[in-house]
Amino acid sequence: MSRAAIKEWVWVHKWSSLVCTAFLLMLCLTGLPLIFHDEIDRLTEDQPAFGMPGVGSSGTAKGLLTLDDMLAQALANRPGEVPLYMAFDNDQPSMTITTGPRPDAPGSQMTIQSFDRSTGKLIGAVNEDSVSGVDAVMHFLLELHTDMFLGLPGMLFLGAMGAAFVIALISGVVLYAPFMRKLDFGSLRTTRSRRTKWLDYHNLLGIVGLAWMLVVGLTGVINALAVPIEAAWKANELAAMTGEYAGREPLDQARYGSLDKAMAAARAQLPGTNPQFIAFPGGTFSSNHHYAVFFQGDTPLTERLLTPALVDAETGTFTAARPMPWYYQALSLSRPLHFGDYGGLPLKLLWAALTLFTIHVLGTGLYLWLAKRRSPALAQGPAPMPSRIAEPAE
Amino acid sequence: MSRVRSLPAIFAWPAVIFVIGIAGLVIALTGDGWRDGAAWAALAAPVAAVAWAMRARRR
């Protein structure tokens, strides 16, 4: 690589990193406890004793109460509210019912009630005002991590920071070559200057953590685009599936028909699969006239890929079913790949270790930039002249 | 002066660790059991590489 080319890549690496470092550090620090969200929840919350332990609420096992009964109970607890979502569990009879003041109520106005579908008992209810203690801390961290309490603009901004991080990674890989020209893989020159030592650590941790950092960075960007992705699905696919309903008045809640009838109609179209959740009319995930039942695939690989079946909410007759488009499937797969919650506790521990690697790389990168600025004598430093920087090994 | 290394030599180990890492991240998505174990081994590679470098390559 020519000296001029190296100089340009150094410029790209420096600025893409400087732009995102502060935010990436925040994302790493908030992400670290969020990796263990489930474990922390389990430690701090009482585990409910289910009536039929091990029976998934998403199934059709005998003894599970009807969806209509469950919904009636949830609405009785929240008078004046409308149902938004009903979500199921494949492993336990627990389920959640989300309600809000309006069909298009924002998340901050929603209340999520958990029930045991085998006994009909309310397990708990959360909304933004009721969270406290550890829950409130985790909720705070999650919001900071997702959008910094700024809603969609905050999400998109953090997505842009993720994109800058990806550029920093790629330019870092390009620069790895000139820096390592005279060094063996893994060289750590710890007896020379502090800068040399931290440069070697920066290069080593960055290059070995590259696959993980790239995947978590890119999937973070895709997750940050969740709102426009969902909107695109609704405007294109959902609109096409419910074309004959276009222009009709939104269906009033008083005219909602039986959920169990709708579920049976949906199941008949997609036999062998179980529903993950139902979206009620008027929200982000449905039309103004349909129960949208989102089915999971039936293999571990396709379990995250959803197929919505739309059922007329008034009559309970099936309208259409179509797998989610590629851009939504990409979002679905980006979630586990970003959260690290799909391979047991050891995977989470490795996720945490690699987050620490990232913090280290961000910290040493910042140090190297500051050290170079502080001592002009070293300005030839890591960047412009690799023959000087990559001090030959003895 | 030590010799100058070729690009393939510079990127040999990083490429191996990269490919193993991507494979590990993907394979655990396709199921549980041994696939999870494979993912753990794959993502432990970066940690092992750093531990090795700190023992063997420090000077």
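Buried area is the accessible area, taken with a 1.4 Å probe, that two parts lose on being put together, summed over both. In this predicted model, chain A and chain B bury about 3,500 Å² between them by that definition. Carbon and sulfur atoms account for 73% of this area. On the side of chain A, the residues that lose the most area to chain B are Lys182(A), Phe185(A) and Tyr342(A), which together make up 17% of what that side buries.

In terms of contacts, the interface joins 42 residues of chain A to 35 residues of chain B. Between the two chains, 8 residue pairs are in polar contact, both members being at pLDDT 80 or more. Five elements are named as giving two or more residues each to the side of chain A that touches chain B: helix H5 (151–180), helix H6 (194–208), helix H7 (210–224), helix H10 (326–339) and helix H11 (344–374), each of chain A. The largest share of that side comes from H11(A), with 7 residues. By class, the side of chain A that touches chain B comprises 32 nonpolar, 5 polar and 5 charged residues.

Salt bridges were also counted. Over all chains the count comes to 9 salt bridges, and 1 salt bridge is found across the interface of chain A and chain B. Side chains of opposite charge can pair when their charged atoms come close. Asp184(A) forms a salt bridge with Arg5(B), with the closest N and O atoms 2.9 Å apart. This pair crosses between chains: Asp184(A) lies in the loop between H5 and H6 of chain A, while Arg5(B) belongs to the segment before helix H1 (7–27) of chain B.

The axes of H6(A) and H11(A) come within 9 Å and cross at roughly 145°, and the crossing is left-handed. From H6(A), the residues making the contact include Trp198(A), Leu199(A), Tyr201(A), His202(A) and Leu205(A). Those of H11(A) include Phe357(A), His360(A), Val361(A), Thr364(A) and Leu368(A). The contact of H6(A) with H11(A) has 10 nonpolar, 5 polar and 3 charged residues.

The second pair consists of helix H8 (residues 226–241) of chain A and H10(A), which pack at an angle of about 150° with their axes 9 Å apart. H8(A) likewise passes H10(A) in a left-handed crossing. On H8(A), the contact is made by Ala226(A), Ile229(A), Glu230(A), Ala232(A), Trp233(A), Asn236(A) and Glu237(A). These residues meet Tyr327(A), Tyr328(A), Leu331(A) and Arg335(A) in H10(A). The residues of this contact divide into 7 nonpolar, 1 polar and 3 charged.

Methods:
Residues are numbered from 1 along each chain as its sequence is written. Chains are lettered from A and ligands numbered from 1 in the order in which they are written. This is a predicted model: local features need pLDDT of at least 70, side-chain atom pairs count only at pLDDT 80 or more; totals for chains, interfaces and linings use all residues. Side-chain values use heavy atoms; hydrogens and water are left out. Contact means heavy atoms within 4.5 Å. A salt bridge is a side-chain nitrogen of Lys or Arg within 4 Å of a carboxyl oxygen of Asp or Glu. A polar contact is a pair of N or O atoms within 3.5 Å; within protein, one must be able to donate a hydrogen and the other to accept it, and residues adjacent in sequence count only if both atoms are side-chain atoms. Helices (H or I, at least four residues) and strands (E, at least two) are DSSP runs, numbered from the N terminus. Ala, Val, Leu, Ile, Met, Phe, Trp, Tyr, Cys and Pro count as nonpolar, Asp, Glu, Lys and Arg as charged, and the others, Gly among them, as polar. Axes are lines fitted to C-alpha atoms, for helices over the stretch in contact, and angles run from 0 to 180 degrees between N-to-C directions. A crossing is left-handed if the near helix is turned anticlockwise from the far one by less than a right angle, and right-handed if clockwise.
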